[in-house]
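Please examine the sequence and the structure shown below. The explanation that follows leads through them step by step.

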Amino acid sequence: MELRVLRYFLAVAQEGSVTRAARLLHVTQPTLSRQLQDLEQELGQQLFVRSTKRLTLTREGLFLQQRATDIVDLANRTTADFHKMGSVLGGEIVIGCAETEGMRDVIRVLKEIQSDYPAVTVRLISGNSYRIKEELANGSIDFGVLIQPVDLTGYETLRLPHKDVWGLLMRKDAPLAKKKEITRKDLESIPILCPAMMARISSGEGSPEIRAWFGNLLPKLHVVGTFNLIFNAAIMVEEGIGYALTLDHLVEAGRFSSLCFRRFRPTLKSDLDLVWLQHKHLAPAPALFLRRLRALIQPREGSHTEGAVAPILKPPLRSDQGVK
């Protein structure tokens, strides 16, 4: 498969029409049609369902669209990185991230880098651990920020100082809202919206802390739904479908919200890791991000002052100094 042909394929998939895609790509319609036919023949699969009005992707076409998007994106990033080499630091830092308050440290470093090097751009991709690890594997992101429990085999890791606190998101008029903390017993008789990752706990995976806290409780829960990201699950809570098992600080649950959050007793926390592929060569901008994040975090080691923030080191370099 040629990169040029994949770009053609993606244009047709987006436009739903060979005619419109050919106009967009500045090629003739017969040339574009022939390239698509050759691609289908090479792959041995039909990629489009053709009708008089528009082209729609087959199941195989949808699969190729996802892979082709990753391939083209990686090629674009590689070209951009090479164009930036030897000049003032530029390029892109791409991070796949879970929903967590712990992203603040990461974002502080990104802000500092962009202040020092305006040519650097940042792209954040929110998702669950499965999506983030897939994006890391295909090279479309530089780093992932993952909430434990996650299997980190094959990754370099940097443990972030933030720990996420587990609890229950509920309506303020819910019976359990009268309690200051939620116990294991409280969870047994209520409708629960559960993170998809919890399914791994019941099969013996996950961190020792989470396994110890839940024990044999998960099979006893009345799970009415699961979710990967909390935003839509919070709407389900607002509509009275159930209580959401989630992390603190992800949803507005203050004075002016209809929702509230109650922590578990005993307290349950999860670690947070920045991860990247082992033996991966980082481009200059991602490499600088990693150095600065380490500089921010390491001075805190051994300190018990919660919320302490160390200064970010290394002032901006002049354009004639280069980046080491």
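The residues that line the second largest cavity are Leu169, Thr246, Leu247, Asp248, His249, Leu250, Val251, Ala253 and Phe261. By class, this lining divides into six nonpolar, two polar and one charged residue.

The structure holds two cavities of 30 Å³ or more. The largest cavity contains about 350 Å³ of space. Its lining is made up of 23 residues, and those that lie nearest its centre are Ala98, Asn128, Ile147, Met197 and Asn228. Three elements, α6 (129-137), β5 (143-147) and β10 (243-247), each supply at least two residues of the lining of the largest cavity. The largest share, three residues, comes from β10. In terms of class, the lining of the largest cavity has 16 nonpolar, five polar and two charged residues.

The chain as a whole may be considered next. Its secondary structure comes to 11 helices and 12 strands. Of the 324 residues of the chain, 44% count as buried. Among contacts between residues at least 6 apart in sequence, 73% join residues at least 24 apart. The confidence of the prediction is given by the pLDDT, which averages 84 over the chain, and 87% of the residues score at least 70. Over residues 302-324, however, the pLDDT is below 50, and this stretch has 29 contacts in the model beyond near neighbours in sequence.

Attention now turns to one helix, α11, which comprises residues 284-297. Helix α11 has 14 residues and reaches 20 Å from its first C-alpha to its last, close to the 20 Å expected at 1.5 Å a residue. Why is α11 described as largely enclosed by the rest of the structure? The reason is that 11 of its 14 residues are buried, where buried means under 20% relative accessible area. The buried residues are Ala285, Pro286, Ala287, Leu288, Phe289, Leu290, Arg292, Leu293, Ala295, Leu296 and Ile297. What covers these buried residues includes the helix α5 (103-116) and the strands β3 (91-97), β4 (120-126), β5, β6 (155-171) and β12 (269-277). Strand β5 is also one of the elements that supply at least two residues of the lining of the largest cavity.

Leucine 193 is found in strand β8 (residues 191-195). Is leucine 193 buried or exposed? Its relative accessible area is 1%, so leucine 193 is buried. Leucine 193 and threonine 226 are 33 residues apart in sequence, yet their C-alpha atoms are 5.3 Å apart in space. Not counting residues up to four places away in sequence, leucine 193 touches Val224, Gly225, Phe227, Ala233, Met236, Val237, Ile241, Gly242, Tyr243, Ala244 and Leu245.

Histidine 222 is found in strand β9 (residues 222-227). With a relative accessible area of 47%, histidine 222 is partly exposed. Histidine 222 and cysteine 194 are 28 residues apart in sequence and 9.6 Å apart in space, C-alpha to C-alpha. Leaving aside residues up to four places away in sequence, histidine 222 touches Ile190, Pro191 and Ile192.

Histidine 26 is found in the loop between α2 (18-25) and α3 (29-43). Its phi is near 60°, a positive value in a residue other than glycine. The relative accessible area of histidine 26 is 72%, so this residue is exposed. Histidine 249, found in the loop between β10 and β11, has a phi near 70°, likewise a positive value in a residue other than glycine. Histidine 249 counts as exposed, at 52% relative accessibility, and it is also among the residues that line the second largest cavity. Proline 266 lies in the loop between β11 (259-264) and β12. The peptide bond from arginine 265 to proline 266 is cis, with omega near 0°.

Terms used
Residues are numbered from 1 along each chain as its sequence is written. This is a predicted model: local features need pLDDT of at least 70, side-chain atom pairs count only at pLDDT 80 or more; totals for chains, interfaces and linings use all residues. Side-chain values use heavy atoms; hydrogens and water are left out. On a 1 Å grid over the protein atoms alone, a cavity is a set of points where a 1.4 Å probe fits but cannot get out, and a pocket is an open set with protein on both sides within 12 Å along at least five of seven lines; lining residues have an atom within 4 Å of a point. Grid points are joined across faces, edges and corners, and a volume is the space filled by probe spheres set on the points. Helices (H or I, at least four residues) and strands (E, at least two) are DSSP runs, numbered from the N terminus. Ala, Val, Leu, Ile, Met, Phe, Trp, Tyr, Cys and Pro count as nonpolar, Asp, Glu, Lys and Arg as charged, and the others, Gly among them, as polar. pLDDT is the predictor's confidence in each residue, from 0 to 100. Contact means heavy atoms within 4.5 Å. The expected span of a helix is 1.5 Å times one less than its number of residues. Buried means under 20% relative accessible area, exposed over 50%, partly exposed in between (1.4 Å probe, protein chains only).
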